[in-house]
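Reader: I'd like to go through this model one question at a time, with the cut-offs spelled out as we go. Show me the structure first, please.

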Amino acid sequence: MNRVLPLAFLLALSAPAFGQAVDAQGAKQLSDELSRYVGKQALNEGILKISAEEGAYKITFDVKALVAKMPKQDLKRFDFPPVTLRIKPRSDGGWDVASDFSTTGSIEVNGPNGLNTGQIVVKDGKFTGVYDPELAAFTSGTSSIAGMTMTSRQVSQLTDLSVGLGSSKFDASKSANGGVDLNFTQAMADFVETVKIDDRSIAALRAPELAVNVTAKAIQTKPLLDLLAFAVAHEDEARLKADQAEFKTLLLGALPLWERIDGTYAFKNLAIETYAGNFGAAQLNTVVGMDGITKDGKISYAFKVSGLTIPQQMLPSWTVALLPTDLDLNFGGANIDLDSMARKTIETLDFSKDPPLPADFGDEISADFLAKTPKFVLGHSTVKNGDIEVAMEGEMTFPDKKPDANVTIDVTGYDKIVASLQEAAKTDPQASQAFTGALAIKGFAKTLPDGRIEWVINARHDGSVTVNGAMLKGPDPVVEDNTDQDAIPGEGNNGGAGAKLQP
């Protein structure tokens, strides 16, 4: 069995409820509906079971039974209890859903270097929600745990992760642009992750508070369900070849998958213990966002830290006063045309051929992608220490597969940096070198009206570099392609001028 079923039991709710009676007939109807997404075999073999119990339907997903049907390969042990849901029809056509997902499970796999094991324990896991079949999404839901531990052991490495109390909340609604808008928040206490190699502690990450926030716009839930149903109905290769036109139509109908997804992980009072010393931050946020498959997509990544502490024992003493305490780094990509790539791939795909895509298709589509001039973007970013602030922003493109980059760097408090280096240079040769470099760099700077100094750096694909309009480096020499360089003397050019002489 080669289907993926981790969330498939939720798809049993794809039929509206409308307050129907909970009975054996209703359980059979749900089973028939569910088979569209998981296949009849999963139901016939007990991997998924649906029964009517005490005014609700019980859906049981036996993960262990599913794994037993898969090729064993190097899997030595897989021991997880079934996952169960209790669902009850609502008068508005939706479903009330509840689950106790407390679990204790383990896995053992023979790896190339020995036995790898993993264990997970979830204490008092509870979930409740309201599912809307028309949206193919939960309109609301909450979950909570009393605690969780995960342990992964490889031959020489041991990783332990634990969290204390945790809770989450989410909701979804119909998007104005089609699909579903989603909001999800999660909070966890006492996050701890430790890594040991050969019983030696390498790193430990601790945070009393971890918060997660995710927003998504226009997720195409219904078209994605249609694709899943098609895949289940077309496991036979011959049938897939016969109906590939329908498959392509469904793929196009699912684009752009979503309009935008943004997520934030926020650690409070983070502490990282390493063999090189201890790092810390009063607040650390990572923010990731991406558009769907569009013609002008954007990807963004942000790394924000306040109250940063860095181990000082391995650093020269004169650098301590210059260490950053706050970071706000923003970068990503723009003008990313994934839509054209996806549509061309779908159009070219032909399951009657082997391979379904031409051998040179990857090179062709890559060239098309670069021809649309995607950009690497450095958004406004800052590095701070007291009254000193370094700010930067810019972008890079790749015409002719070579980079064109424009970067602007502003510094507030540069004179304080120079003064600190000058004082340290009296006793430290490394500081003396840094002081000389700082003076040289300042010579290229432009002083702004507010006292900041600025460098506008332009690096071109021809190899030239300018700083504030002044040429720092000229273009690289043009190397001509001499097709006669291996010619035998006397051949070509009638042996006249320009023929190469050999000793």
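Author: Helices (H or I, at least four residues) and strands (E, at least two) are DSSP runs numbered from the N terminus, and two strands pair if DSSP finds at least two bridges between them. This is a predicted model, where local features need pLDDT of at least 70 and side-chain atom pairs count only at pLDDT 80 or more, while totals for chains, interfaces and linings use all residues. Residues are numbered from 1 along each chain as its sequence is written, and side-chain values use heavy atoms, with hydrogens and water left out.

Reader: Okay, strands first. Which residue in the hairpin of β8 and β9 takes a positive phi?

Author: β8 covers residues 126–132 and β9 covers 137–145, and they pair antiparallel over seven bridges. Within that pairing, V130 has S140 as its bridge partner in β9. Four residues sit between the strands, and the one with a positive phi, near 55 degrees, is A136.

Reader: And which residue in β12 stands opposite S144?

Author: β9 also pairs in the antiparallel sense with β12 (residues 166–174), over six bridges. In β12, the residue facing S144 is S167.

Reader: On to the rings. What is the centre to centre distance for Y131 and F138?

Author: A pair of aromatic rings is described by the distance of the centres and the angle of the planes. Rings of Phe, Tyr and Trp (its six-membered ring) pair if their centres lie within 6.5 Å, with planes under 30 degrees apart called stacked, over 60 edge-to-face and the rest tilted. There are 12 aromatic pairs in the structure. Y131 and F138 make an edge-to-face one, with 80 degrees between the planes and a centre to centre distance of 5.1 Å.

Reader: How many residues apart in sequence are the parts tied together by F191 and F267?

Author: The F191 and F267 rings are edge-to-face too, 5.7 Å centre to centre with 70 degrees between the planes. F191 belongs to β13 (residues 180–197) and F267 to β15 (residues 260–274), so the sequence separation bridged by the pair is 76 residues.

Reader: Which charged end sits over the ring of Y275?

Author: The rule is NZ of Lys or CZ of Arg within 6 Å of the ring centre and within 35 degrees of the ring normal. Above Y275, 5.4 Å from the ring centre, is the charged end of R200.

Reader: What is the relative accessible area of D339, which bridges to R343?

Author: The closest N and O atoms of D339 and R343 are 2.9 Å apart. Both sit in α7 (residues 338–348), four residues apart, about one turn of the helix. R343 is partly exposed at 39%, whereas D339 is buried, with a relative accessible area of 8%.

Reader: Last one: how far apart in space are I299 and G332, C-alpha to C-alpha?

Author: I299 is part of β17 (residues 297–306) and counts as partly exposed at 43% relative accessibility. Leaving out residues up to four places away in sequence, I299 touches, among others, F331, G332 and I336 (contact means heavy atoms within 4.5 Å). I299 and G332 are 33 residues apart in sequence, but their C-alpha to C-alpha distance is 5.2 Å.

Notes: Salt bridge = Lys/Arg side-chain N within 4 Å of Asp/Glu carboxyl O. Buried < 20%, exposed > 50% of the residue type's maximum accessible area, 1.4 Å probe, protein only.
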